[in-house]
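Below are my notes on the model, as numbered points. Please read them alongside the coordinates.

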Amino acid sequence: MQRILRGVIQYRQTVRQELVEQFKQIKDNPQPKALMFTCMDSRMLPTRFTQAKVGDIFVVRNAGNLIPDACNYGHSSEVSCTTEPAALELAVKRGGVKHVIVCGHSDCKAMNMLFGLHSCPSAFDHTSPMDHWLRKNGHRTMKKLNERLYKGPKPLRFDSEIAPSQSFEAIIDPFDRLKAEDKLSQINVLQQLINISSHDALREAFEEGRLHIHGMWFDVYKGEDYLFSKERRQFVIIKEDTFEGLIDELHRRCDVPLGECPDIAAGQFTPG
Ligand SMILES: [Zn+2]
């Protein structure tokens, strides 16, 4: 706690005033452009590695960046009552957010645990909320990992029943460079896109084409961000020489504003 309190003092002495000014600027009109689901891992600092500013994005974090599928909540007459669907409703239906991002990462402890539970089912602890959370919401991801390991780097199908337009294919780790747990983590991100589309509250937004969901992945030890390209069917590193291609694809796929960065729009971005 001492470190936390010392951090607060440092914050007061450095960025506090600037932040307060930014809070005041958006006071009456906060318009976050995206909702990001990411892992609670302490190494995941999404506002740093996207350089997001005050008011830019909603962030929801949990162990393994999981969004429970609607069918996990029981019959359709029951309301999906946990943070994740509630956040989707708040951001998309009430807040008009048009982009939802799921961002996973390498060496994810939750994914490592999910992989471990699958490899050794007897390790499942019936008293552990974490084990239940992972097993209940991770079994589809595990199933797809098995398919990937069995078939090799061939396209995997991710099909959405509620929103067929959101279905896609993915080639996970085409050159087999990642360990199985990191393949699992990438598959997990993509499975969450399907899980998001299962929520009835978003049906209208999908049908009207005003909601777009994206998969991102962060390589912790290299500090590199990836975006899943539905056209290329794989995760593509986001860097200076891939940026334009990724933006072009987003423009083709999303007929809504992408929430442009002024620096990039003004041509101050220099590809390296
Ligand atoms: Zn994690």
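1. Cys108 sits in the loop between β3 (99–105) and α5 (109–119). Helices (H or I, at least four residues) and strands (E, at least two) are DSSP runs, numbered from the N terminus.

2. The model is predicted: local features need pLDDT of at least 70, side-chain atom pairs count only at pLDDT 80 or more, and totals for chains, interfaces and linings use all residues. Residue numbers start from 1 along each chain as its sequence is written.

3. Cys108 counts as buried because it has 27 C-beta neighbours inside 10 Å. The cut-offs are 20 or more other C-beta atoms within 10 Å for buried, 12 or fewer for exposed, and partly exposed in between, with C-beta atoms placed from the backbone. Leaving out residues up to four places away in sequence, Cys108 touches Cys39, Asp41, Gly64 and Ser185; contact means C-beta atoms, placed from the backbone, within 7 Å.

4. The UniProt record (unreviewed entry) places a "binding site" at Cys39, Asp41, His105 and Cys108. These positions are spread over 70 residues of sequence, yet cluster in space, with a largest C-alpha distance of 9.0 Å. UniProt positions follow the numbering used here, feature names are shortened, and annotations may be inferred rather than shown by experiment.

5. Cys39 belongs to strand β1 (residues 34–39). Its 25 C-beta neighbours inside 10 Å are why Cys39 counts as buried. Beyond four places in sequence, the contacts of Cys39 include Met44, Arg61, Gly64, His105 and Cys108.

How values were computed
Two residues are in contact if their C-beta atoms, placed from the backbone, lie within 7 Å.
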